[in-house]
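Please work through each task before reading its solution.

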Amino acid sequence: KSKAHEIEGEMIGVKFDDVGGVGEAEVELREVIEYLKTPDKFTRIGAKLPKGILLAGPPGTGKTLLAKATAGEAGVPFFFLTGSSFVEMFVGVGASRVRDLFQQAQKKAPCIIFIDEIDAIGQARSNIGRIGGNSEQENTLNQLLAEMDGFKANSGVVIMAATNRPEILDPALVRPGRFDRQIQVTLPTEPGRLQILKIHTRSMPLSDQVSLERLAKVTAGFSGAELANIANEASLLAVRRNSGTITMTDFDLAIERIVAGLQRKTPLSE
Ligand code: ATP
């Protein structure tokens with residue numbers, strides 16, 4: 001990801017059509033889109049939107065995609081940061097860089113700032129700094145809190161953040177006026193998985209016997225990212241066979257591979 005995009009904000013082409021199986025999360029974000037499109041409608045009657053929205057859920061469930069779709073639907077610039085790059089940014093060039101970003105965002109409002117892996121900076125202070133301390137991280141967190149407090153409500157800047165572990169976040173981050181709205185993004189249900197499979201095979205030549213319904217049925221527990229991966233693997237297998245269409249066998253083999261890959265990973269991560 002280029003540094004320029006961090007500072008400039010990027011126009012995003014992603015729409016809600018590209019996100020499947022997130023149900024309630026999408027409904028909640030519709031309001032944010034309304035606000036970004038017509039802030040006046042909200043300010044006129046004194047309604048305040050939360051400054052910060054936390055997307056919480058397992059890896060690969062589409063949190064980043066949802067944030068992008070929110071920007072894409074609203075047609076506003078998207079400033080992307082990851083928690084780890086945020087810390088680096090702070091260590092490397094000081095707080096001024098972080099301040100610059102927030103200032104730029106303010107100028108480009110309405111817009112969205114998205115911080116992925118916010119737990120990398122927002123871990124409870126009681127968990128960091130105990131042994132020798134990680135004061136860089138704490139400084140970065142303080143800087144972020146200061147920037148958020150600096151924004152007026154209804155400034156037109158919506159700060160979204162994603163985490164797999166909302167429970168370890170510093171309570172200061174989730175206080176009113178900061179990330180005070182949490183949206184849960186869960187693993188997709190069977191109809192959700194079907195939607196996601198349709199999205200990711202939309203431009204693929206599938207043979208007539210491919211049943212996405214059956215694939216949705218046998219992929220319980222799979223995330224959106226894993227389903228996207230299945231579609232891609234299946235297409236690669238078809239290419240390898242020199243075939244112009246993707247068959248059910250390609251999908252079955254793709255699932256087998258991905259399941260095998262996941263099983264290999266499990267002992268390491270536990
Ligand atoms: P992480 O917590 O690992 O950062 P995330 O929740 O932010 O993951 P994304 O980065 O949005 O997940 O998902 C990765 C990719 O997986 C997306 O770019 C998309 O291709 C696919 N994907 C994930 N979830 C969905 C979904 N709900 N609908 C459609 N595609 C999805």
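**Exercise 1.** Determine which polar atoms lie close to oxygen atoms of the ligand, given that a polar contact is a pair of N or O atoms within 3.5 Å.

*Solution.* Step 1: a polar backbone atom of T61 is 3.2 Å from an oxygen atom of the ligand. Step 2: for a polar backbone atom of G60, the distance to a ligand oxygen is 2.9 Å. Step 3: an N or O atom in the side chain of T64 lies 2.7 Å from an oxygen atom of the ligand. Step 4: the ligand taken alone exposes 630 Å², of which the protein buries 76% (areas by the Shrake-Rupley method with a 1.4 Å probe).

The model is predicted: local features need pLDDT of at least 70, side-chain atom pairs count only at pLDDT 80 or more, and totals for chains, interfaces and linings use all residues. Residues are numbered from 1 along each chain as its sequence is written, and side-chain values use heavy atoms, without hydrogens and water.

**Exercise 2.** Describe the shell around the ligand, in which a residue is near if one of its heavy atoms lies within 4 Å.

*Solution.* Step 1: there are 17 residues around the ligand, and G20, G60, K63, T64 and H200 come nearest. Step 2: by class, six are nonpolar, eight polar and three charged (Gly counts as polar). Step 3: α4 (63–74), α9 (190–201) and α11 (224–240) each supply at least two residues of this shell (helices are DSSP runs, H or I, of at least four residues). Step 4: α4 gives the largest share, three residues.

How values were computed: A residue is near a molecule or strand if one of its heavy atoms lies within 4 Å of it. A polar contact is a pair of N or O atoms within 3.5 Å; within protein, one must be able to donate a hydrogen and the other to accept it, and residues adjacent in sequence count only if both atoms are side-chain atoms.
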